[in-house]
Each structure stands twice: as C-alpha cells, then as structure tokens.
Amino acid sequence: METIECLIIGSGPAGYTAAIYAARANLKPVMIQGLQPGGQLTTTNDVENYPGYPNGITGPDMMDDFKKQAERFGTKIILGTVTAVDLSDVKGKSHKVTIDNQYDMLAKTVIISTGASAKYLGLESEKKFMGSGVSACAVCDGFFFKNQDVVVVGGGDSAAEEATYLSKLCNKVYLLVRKDQMRASQIMQQRVIDTENLEVLYNHETLEVLGEKTVTGIKVLNTKNKIENIINATGFFLAIGHNPNTNIFNGQLNMDEVGYLITQPDSSLTNRPGVFASGDAQDSIYRQAITAAGSGCMAALDAEKYLSDLN
Ligand code: NDP
C-alpha cells in the first residue's frame with residue numbers, strides 16, 4: 001500500500017486551506033471530502049464577513065472557490081467518508097485510515113478538519129418529521145415552505161440568519177428563544193427586529209412537533225407564565241448550535257467533554273505525532289470560516305515541519 005505524505009479529512013474552509021498550503025509545499029495532499037462536501041458553509045446563504053469578498057458571497061460559491069484553489073496546486077480529492085482510524089503513537093510511523101468501511105490508506109501525516117454538525121432537540125416528534133417538515137438548514141429546505149408559516153428555534157447568529165432568510169420566502173416566521181434575550185450579535189438581532197413578518201417569542205420552549213404525515217403545528221411552552229400554546233406552522237427549523245464530528249477519534253485523540261479535539265497551545269498538534277487538528281472539530285469558541293481557514297493553514301505548516309524533522 002502506498003504511503004501518502006499528507007491526508008486531509010474533511011472539506012470545509014479548514015480542510016481546503018490545509019490542502020492549498022500542503023499542496024504548495026509539495027506534500028501531495030489527498031483529501032477525503034466527507035459526508036458533506038464543502039462543509040457547513042454549503043448550507044449557509046450569504047457570507048458577508050469573510051475578508052476579500054467586499055460584496056459578500058454565497059457559502060456554496062465560496063467553497064467552490066476554495067476547492068478550485070486546492071485542486072489548482074494538485075490536491076487529490078476523494079469523494080468518501082473516513083469510517084475508522086488507527087493513529088500511531090510512534091513518531092515517524094504511518095497512520096491507517098479506513099474509507100467507507102471498504103479500503104485503507106496509509107499516511108505519514110493526518111490533518112483533521114471534520115467540522116461540526118447541527119444539533120437537534122432530541123424530541124421523538126422531531127425525529128418523526130425529519131426531512132418532512134423538520135430541518136436544520138433553511139437554505140436547503142426553506143423553498144419547500146414558500147408562503148407558509150414556519151418556526152425557527154434558537155437565539156444565536158445562526159437562528160437570526162435562518163429566520164431572516166426564511167422571512168423572505170415564508171408568510172410568517174416565529175423565532176423561539178428559550179431565554180429572555182438572544183445571544184446573536186447586535187447587527188443580526190437588529191435585522192430580526194426590523195423584519196416585519198418575523199415574530200420573536202422569548203422564554204419559549206418546544207414541547208412537541210404536531211401532525212400526522214406532515215407538520216401542522218408546534219406545541220410550545222411559555223416558561224415564564226407556564227402557558228402552553230400551539231403555533232400553526234408547517235415547517236420547524238433548528239438553529240441551536242453544533243456538535244464536533246470527532247466520534248471516530250474516540251479513545252485515540254484527547255478531546256474535551258463535548259468532543260472538541262484538544263490541541264497543544266498555539267499549534268494544531270494533537271496527542272499523536274503527525275496528527276493535526278483544525279477548524280470546528282477543535283474550536284468551540286470562534287467557529288468562523290476565517291478562523292477555520294487560519295487553523296487549516298497552521299495544520300499544514302505543522303505537518304510540513306513534522307515531515308521535514310523526520311528526514
Ligand atoms: P450558538 O451556540 O451561538 O447559539 C445557539 C443558540 O441555540 C443559543 O441561543 C442557545 O440558547 C440556543 N439553544 C441551544 N440549545 C437549545 C435548546 N435545547 N433549546 C432551545 N434553544 C437552544 O450557535 P450558532 O449556531 O448560532 O452560532 C455558532 C457560531 O457561529 C457563533 O460564534 C456565531 O456567531 C457564528 N455564526 C456567525 C454567522 C455570521 O456571522 N453570519 C452566522 C451563523 C453563525 P442560549 O442562548 O439560551 O444558550
């Protein structure tokens with residue numbers, strides 16, 4: 001089996017940036033794209049805060065640009081998912097990575113940029129309507145609720161963004177915030193307030209998603225006055241944060257209690273030699289495309305240094 005110099009797991013901003021740097025350093029990187037090629041940004045609409053795009057850009061277009069730039073320098077991109085890893089704890093010994101439960105690859109360095117995935121509330125009724133009324137991606141599914149009433153859950157920037165996006169398509173959007181205030185940035189909150197057909201319901205929790213075959217309403221609880229209510233809506237969108245995609249590294253790499261990979265200070269180094277972590281899989285604080293890209297760059301530079309120290 002051929003041993004690759006640098007294997008990159010995941011294809012969000014961190015993975016592609018690592019690929020650009022690794023390819024330009026002649027490490028001949030191979031990228032395993034993962035379940036969601038392009039990562040979370042492919043499910044977002046306008047990105048307005050990434051430097052270099054003064055007029056903004058859509059998430060999918062931006063990731064397309066990243067991909068083209070990585071390919072331009074020779075990154076080999078494989079459509080597949082890493083299903084298991086056997087990470088060596090001996091410096092200089094290769095790591096084994098299994099793709100789609102079907103074949104193995106050996107790599108001297110592994111850069112992890114597996115990102116994070118949307119969280120759900122965990123209600124039985126939510127599961128029942130997954131894909132038929134319940135969604136964690138307004139950009140992907142909003143179109144199906146054109147001129148209808150929908151509910152969005154969450155109080156962060158994602159919720160504010162999803163709710164304002166849906167307000168352009170839907171008749172009415174209800175935003176359920178569990179506390180008496182939103183966590184979203186001031187500019188996003190202002191957009192929510194300025195949107196006529198968007199109503200924020202503070203101190204509201206979801207009890208049940210109602211319906212037979214499709215969603216017809218959401219049973220909610222006002223936690224302040226303990227009054228239950230039913231909101232007539234056909235769509236239910238979650239925007240309550242994310243979990244890091246790091247399960248396959250359990251027992252091999254150090255992670256915090258939530259599952260974020262722990263890296264050594266000011267570096268992308270994990271507890272295994274030659275394994276580097278970048279992007280949302282290791283960042284529970286900033287979680288921005290630009291910080292993910294920056295940490296992907298760090299991982300590639302760390303991988304390059306590790307390889308040159310071996311020789
Ligand atoms: P956040 O973690 O910032 O916010 C999650 C929100 O969901 C919080 O309001 C939280 O409530 C709420 N929540 C969590 N669990 C539940 C639950 N079980 N029931 C009801 N509500 C719940 O996640 P985001 O995805 O919004 O943002 C992640 C990061 O990405 C942030 O740093 C954000 O700034 C950034 N981002 C930036 C964007 C932009 O600039 N364009 C767009 C989207 C995200 P509570 O506050 O009560 O904990």
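Which helix gives the most to the shell around the ligand? I started my notebook with that one. Helix α5, residues 157–169, gives the most, with 3 residues. Helices here are DSSP runs of H or I with at least four residues, strands are E runs of at least two, and both are numbered from the N terminus.

**Ground rules**

I am working on a predicted model, so local features need pLDDT of at least 70, side-chain atom pairs count only at pLDDT 80 or more, and totals for chains, interfaces and linings use all residues. Residues are numbered from 1 along each chain as its sequence is written, and side-chain values use heavy atoms, with hydrogens and water left out.

**Entry: the ligand**

I looked up what lies around the ligand. The shell holds 19 residues, and the closest are Gly155, Asp157, Ser158, Arg178 and Arg183. I sorted the shell by type: 5 residues are nonpolar, 8 polar and 6 charged. For that sorting, Ala, Val, Leu, Ile, Met, Phe, Trp, Tyr, Cys and Pro count as nonpolar, Asp, Glu, Lys and Arg as charged, and the others, Gly among them, as polar.

Next I checked ligand oxygen atoms. One distance, 3.0 Å, runs to an N or O atom in the side chain of Asn49. A polar backbone atom of Gly155 is 3.0 Å from a ligand oxygen. For Gly156, the distance from a ligand oxygen to a polar backbone atom is 3.3 Å. The protein covers 78% of the 920 Å² of accessible area that the ligand has on its own. Accessible areas come from the Shrake-Rupley method with a 1.4 Å probe, and for residues only the protein chains shown count as cover.

**Entry: Thr98**

I found Thr98 in strand β7, residues 95–99. Is Thr98 buried or exposed? Thr98 counts as buried because its relative accessibility is 15%. Buried means under 20% relative accessible area, exposed means over 50%, and partly exposed is in between (1.4 Å probe, protein chains only).

The side chains of Thr98 and Asp104 are joined by a polar contact of 2.9 Å. A polar contact is a pair of N or O atoms within 3.5 Å; within protein, one must be able to donate a hydrogen and the other to accept it, and residues adjacent in sequence count only if both atoms are side-chain atoms. Beyond its neighbours within four places in sequence, Thr98 is in contact with residues including Thr81, Val82 and Tyr103. Contact means heavy atoms within 4.5 Å.

**Entry: the cysteines**

A disulfide is a covalent bond between the sulfur atoms of two cysteines. The cut-off is a pair of cysteine sulfur atoms within 2.5 Å. I searched the whole structure and found 0 disulfides. Cys6 is buried, at 0% relative accessible area.

**Entry: the β18–β19 loop**

Thr270 sits in the loop between β18 (242–244) and β19 (275–277). Thr270 is buried, with a relative accessible area of 6%. A polar atom of its side chain lies 3.2 Å from the backbone nitrogen of Arg272. Not counting residues up to four places away, Thr270 touches Leu253 and Ile262, among others.

Ser268 lies in the loop between β18 and β19. Ser268 is buried at 2%. Its side chain makes a polar contact of 2.6 Å with the side chain of Asp302.

**Entry: positive phi**

Most residues other than glycine have a negative phi. I noted Lys28, with phi near 45°, a positive value in a residue other than glycine. Lys28 is in the loop between α1 (13–24) and β2 (30–32) and counts as exposed at 57% relative accessibility. Lys226 has a positive phi of about 60°. Its place is the loop between β15 (215–222) and β16 (227–232), and at 58% Lys226 counts as exposed.

Definitions and conventions
A residue is near a molecule or strand if one of its heavy atoms lies within 4 Å of it.
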